[in-house]
Amino acid sequence: MKRSDLVLSLGQRLLLLLFIFIVCYAITAVAVGFISGILKENIPAALRIGATLQDVFAFIVPAIATAMIVTRRPAELLCLTKLPVLKVLLLIVAMLFVSIPIQENIIYWNYHVELPDSLQGFSQMARNLEDANFHTMCTLMGNPSVGALIVNLLIIGLAAGFSEELLFRGCFQRLLTTGGVNRHLAIWIVAIVFSAMHFQFYGFVPRMLLGAYFGYLLIWTNSLWAPILAHVLNNMMFVIVAWHQVRTGHALTNEPTLYPVVYAIGSVILVAAVLFFMHRSSSTKIS
């Protein structure tokens, strides 16, 4: 898109997005609190409804509303008008599997980071947040039925993956790049914000790297559907693995898996190869 296709300055567009997000998030928080009170005897249902409301009103609505205000071509701004080539889609699926060892080792490292004594207060607060998030995950994933699996795939996998990509890569990142911000800088700014907004310090680095990967997918393909697919598949794999553990009688744990060094090295090589072919296979790049 040309800069003349958008109204307002970059700073004004970003403030607009932030304002709409804050308003929508506040309304969502009130609605979720009300629903939680009604469904206090059915916590999993309350959590699923709350997650759906958050996806729609805190993520999707701000992205679409902002895009519609700043341009007459919102779908083009959000990169929703083009599908990535088939080869890229297949490479995204391949990346899902070849990245497992190195991704798990990064998660393991970040989860076991030791902070200095001067930051023990922050460390304890961060651990408490990790425990709270894990408790929520156990509540959502604790049902071994096929029906629960399908519902979690739709909410945690499909809805969350789509809505987060629409807001962070489709809207936030695109506002930055169409506003003249260097595309690499924009990718990492959005990746940092994306990870920070999950409020999980002991999972910050792997989520930031994942966000950067989604950002580069958008740049390479000029299609938001590429990072959406990658995000949805990543979330769905998490849901399926957790469901299988519960289904087979294993307790859920937030302790990451540490793969042998040789597996991690092999994973890095394969990840680099897949990224190379993704870049080469993308027919269009955007700034």
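Mentor: We'll take helix pairs, then a pocket, then one more helix pair. Keep in mind that this is a predicted model.

Trainee: What do I quote for two packed helices?

Mentor: Two packed helices are described by the angle between their axes and the distance between the axes.

Trainee: OK, α2 and α7. At what angle do their axes cross?

Mentor: Roughly 25°. The axes come within 9 Å. Helix α2 covers residues 43-70, and helix α7 covers residues 146-178.

Trainee: Parallel or antiparallel?

Mentor: Roughly parallel, because the angle is under 35 degrees.

Trainee: Left-handed or right-handed crossing?

Mentor: The crossing of α2 and α7 is left-handed. Their contact has 18 nonpolar, four polar and three charged residues.

Trainee: Now α9 and α10. How do those two axes cross?

Mentor: At roughly 150°, coming within 8 Å. Helix α9 is residues 204-221 and helix α10 is residues 225-247. An angle over 145 counts as roughly antiparallel, so that is what α9 and α10 are.

Trainee: Which residues make the contact?

Mentor: From α9, they are L210, Y213, F214, L217, L218 and T221. From α10, they are A226, P227, A230, H231 and N234. By class, the α9 and α10 contact has eight nonpolar, three polar and no charged residues.

Trainee: Switching topic. What is the volume of the second largest pocket?

Mentor: About 500 Å³. It is lined by 22 residues. M95, S99, L209, Y213 and V271 are the closest to its centre.

Trainee: Last pair: α5 and α11. At what angle do they pack?

Mentor: About 120°, with the axes 7 Å apart. The crossing of α5 and α11 is left-handed.

Trainee: Which residues touch?

Mentor: On α5, I100, P101, I102 and N105. On α11, Y263, A264, S267, V268 and V271. V271 is also among the residues closest to the pocket centre.

Trainee: And by class, how does the α5 and α11 contact divide?

Mentor: Seven nonpolar, two polar and no charged.

Notes: Residues are numbered from 1 along each chain as its sequence is written. This is a predicted model: local features need pLDDT of at least 70, side-chain atom pairs count only at pLDDT 80 or more; totals for chains, interfaces and linings use all residues. Side-chain values use heavy atoms; hydrogens and water are left out. Axes are lines fitted to C-alpha atoms, for helices over the stretch in contact, and angles run from 0 to 180 degrees between N-to-C directions. Helices (H or I, at least four residues) and strands (E, at least two) are DSSP runs, numbered from the N terminus. Angles under 35 degrees count as roughly parallel, over 145 as roughly antiparallel, 65 to 115 as roughly perpendicular and the rest as oblique. A crossing is left-handed if the near helix is turned anticlockwise from the far one by less than a right angle, and right-handed if clockwise. Ala, Val, Leu, Ile, Met, Phe, Trp, Tyr, Cys and Pro count as nonpolar, Asp, Glu, Lys and Arg as charged, and the others, Gly among them, as polar. Contact means heavy atoms within 4.5 Å. On a 1 Å grid over the protein atoms alone, a cavity is a set of points where a 1.4 Å probe fits but cannot get out, and a pocket is an open set with protein on both sides within 12 Å along at least five of seven lines; lining residues have an atom within 4 Å of a point. Grid points are joined across faces, edges and corners, and a volume is the space filled by probe spheres set on the points.
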